[in-house]
Amino acid sequence: MPINALDVAYAVAAVGAAPWILRKRRAGWRERFGFVETMLGPVPRASDAAGAPGPRPRILLHAVSVGEAAAIRELVPILARDADVIVSTTTDTGLQRARDLYGATCEVVRYPLDFSPSVRRFLDAVRPDAVGLVELELWPNFLGECGRRGIPVAVINGRLSERSFRGYRRFRRWVGPMFGRLAVAGVQDEAYAERFRAMGMAADRVRVTGSMKWDTARIADGAPGAEELAREMGIDPGRPLVVGASTGPGEEALLERAVRQAAEAGGPAAQLLCAPRKPERFDEAAAALPGCVRRSRRTERAEPGDVARTGGRFLLDTIGELSKAYALADVVVIGRTFGAQGGSDPIEPVGLGKPVIVGPDTANFAVIARDLESAGGIVRTDAAGLAGEIRRLLGDPGACRAMAERGRALIRERQGASARHAALLLGMVRSGGAGA
């Protein structure tokens, strides 16, 4: 198979980065080079309204990692009514999460490295009629090969943070053509739409469709398996629990200190459960929570109230159980918001009726965090004020209930983006790339 100059550049970069790549444990290298095995046969046929046979489209949704895989939870079943859906992911954790969510209903495959032979092998195997890239994730060889095959590509649930936009603009000469190859972009709000247009997309191909994150929030008062999680880890139901969700470097230590300081200032002696965002940080997080019970090590289970051994500290070092932890929480602190990491998604715990604290940095979910904060559905503070906010919320159940209801009301108001994105993708297939 022929290669291009970009492939050569990728190869040189890979050689230079080899020591770092080899240090990180990654699976699925054969699939990363496009050797994807699917159970997909010939494109199935359905009948149109007149009874004549017509093609059933095949749509590839690419979700890079765990967050993007979860964001399409409502979109997949809507699309599946009228199309065959294939979900691809890049990371190992994203692949596992996608298989957990969609493995029983659609194909889940690994997305290839952007070497042109890898991309061609991948597209030969998957044979999509259209592609939806969740949030962004543009790769030149992939877009170029889709263009050569006449496969329209859309960005769905699109977002382009101010930080990323500044970086892209510096290299607009090289990055701009990738935006130009997109058939359509369904973006979360007008600020993102303006950035997509500034990167070279025609105004009539950028649509404000809202965020599918709102659709994934369940308005519920619990989560299946929450009581089992508490029992197996030894979480005491008689003591308040603070959950640090999707934490980043340094935040487990920050939360441990804040929970301790809140108690020392007269607040309740709360338990703390931290759930790091990245599995490679599990051991580092455990070190910041001395004596903690680790979910992955069932033999370490503590009995409720065994504070002498555990200090009431717990580490959720598994994937896919954060909803259970949210359901147990009295207060949720959203991780990656107390450093330059962009923040994690605050919607799910709000939907579960929990008071939520975020830090100063919510760039990854800027609009969602801003709207929830404006509605009084979350509270924002900095590292210095974290202990005080934890103490205040743990001591005022009425304020917690009011905050949760305001947040839930906003979620209900903003839901519906998944249906709009489904219409966009199906319309793009039917119109040959223009979108609905």
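# Cores, helices and salt bridges in a predicted model

In this predicted model, the largest nonpolar core has 35 residues, and Leu138, Phe142, Phe179 and Phe196 touch the most other members.

Q: Which elements each supply at least two residues of this core?
A: They are α6 (116-126), β6 (130-134), α7 (140-149), β7 (153-158), α9 (172-180), β8 (184-187) and α10 (190-198). The largest share, five residues, comes from α6.

Q: What makes this set of residues a nonpolar core?
A: A nonpolar core consists of buried residues of types such as Leu and Phe, joined through side-chain atoms within 4.5 Å.

Q: Which residues does phenylalanine 196 touch, not counting residues up to four places away in sequence?
A: Phenylalanine 196 touches Glu135, Leu136, Val155, Gly158, Arg159, Leu160, Phe179, Ala185, Val187, Met201 and Val206. Each of these counts as a contact because heavy atoms lie within 4.5 Å.

Q: Which residues does the second, separate core include?
A: Trp214, Ile235, Leu316 and Ala329 are among the 33 residues of the second core.

Q: How do you know that α6 is mostly covered?
A: Nine of the eleven residues of α6 are buried. They are Ser116, Pro117, Ser118, Val119, Arg120, Phe122, Leu123, Ala125 and Val126. After α6 comes arginine 127, with a positive phi near 55°.

Q: Which residues of α7 are buried?
A: In α7, the buried residues are Asn141, Phe142, Leu143, Gly144, Glu145 and Cys146. Glycine 150 follows α7 and has a positive phi, near 75°.

Q: How do you know that the span of helix α13 agrees with its number of residues?
A: Helix α13 (residues 251-264) has 14 residues, which at 1.5 Å a residue should span 20 Å. The end C-alpha atoms of α13 are 20 Å apart, so the two values agree.

Q: Which residues of α13 are buried, and what do the buried residues of α13 pack against?
A: Glu251, Glu252, Leu254, Leu255, Glu256, Ala258, Val259 and Ala262 are buried in α13. The buried residues of α13 pack against β10 (241-247), β11 (271-276), α14 (282-287), β13 (313-315), β14 (331-334) and α19 (386-394). Glycine 266 follows α13, and its phi is positive, near 110°.

Q: Why is isoleucine 3 called exposed?
A: The relative accessibility of isoleucine 3 is 56%. Exposed means over 50%, so isoleucine 3 counts as exposed. Isoleucine 3 lies in the segment before α1 (5-23). Together with Val8 and Val12, Ile3 forms a nonpolar patch on the surface, with about 290 Å² of accessible area.

Q: What makes the pair of aspartate 345 and lysine 213 a salt bridge?
A: Side chains of opposite charge can pair when their charged atoms come close. For aspartate 345 and lysine 213, the N to O distance is 3.8 Å. The cut-off is 4 Å, so the pair counts as a salt bridge. The pair links distant parts of the chain, 132 residues apart: aspartate 345 is in the loop between β14 and α17 (347-351), and lysine 213 is in helix α11 (residues 213-216).

Q: Why are aspartate 345 and lysine 213 called buried?
A: Buried means under 20% relative accessible area. Aspartate 345 has 19% relative accessibility, so aspartate 345 counts as buried. Lysine 213 has 5%, so lysine 213 counts as buried too.

Q: How do you know that glutamate 321 forms a salt bridge with arginine 295?
A: The closest N and O atoms of glutamate 321 and arginine 295 are 2.9 Å apart. This is within 4 Å, so the pair counts as a salt bridge. Glutamate 321 is in the loop between β13 and α16 (322-328), while arginine 295 is in the loop between β12 (293-294) and α15 (307-310), 26 residues apart.

Q: What makes glutamate 321 and arginine 295 buried?
A: Glutamate 321 has a relative accessible area of 9%, so glutamate 321 is buried. Arginine 295, at 5% relative accessibility, counts as buried.

Q: With which residue does lysine 324 form a salt bridge?
A: Lysine 324 forms a salt bridge with glutamate 321, with the closest N and O atoms 2.9 Å apart. Lysine 324 has a relative accessible area of 19%, so lysine 324 is buried.

Terms used: Residues numbered from 1 in each chain as written. Predicted model: local features only at pLDDT ≥ 70, side-chain atom pairs only at ≥ 80, totals over all residues. Heavy atoms only, no water. Patch = residues over 30% accessible without salt bridge, like charges linked within 9 Å, V, L, I, M, F, W, Y side chains within 5 Å. Areas by Shrake-Rupley, 256 points an atom, 1.4 Å probe, with all protein chains shown as cover. Salt bridge = Lys/Arg side-chain N within 4 Å of Asp/Glu carboxyl O. Helix = DSSP H or I, 4+ residues; strand = E, 2+ residues; numbered from the N terminus. Buried < 20%, exposed > 50% of the residue type's maximum accessible area, 1.4 Å probe, protein only. Expected span 1.5 Å × (residues − 1).
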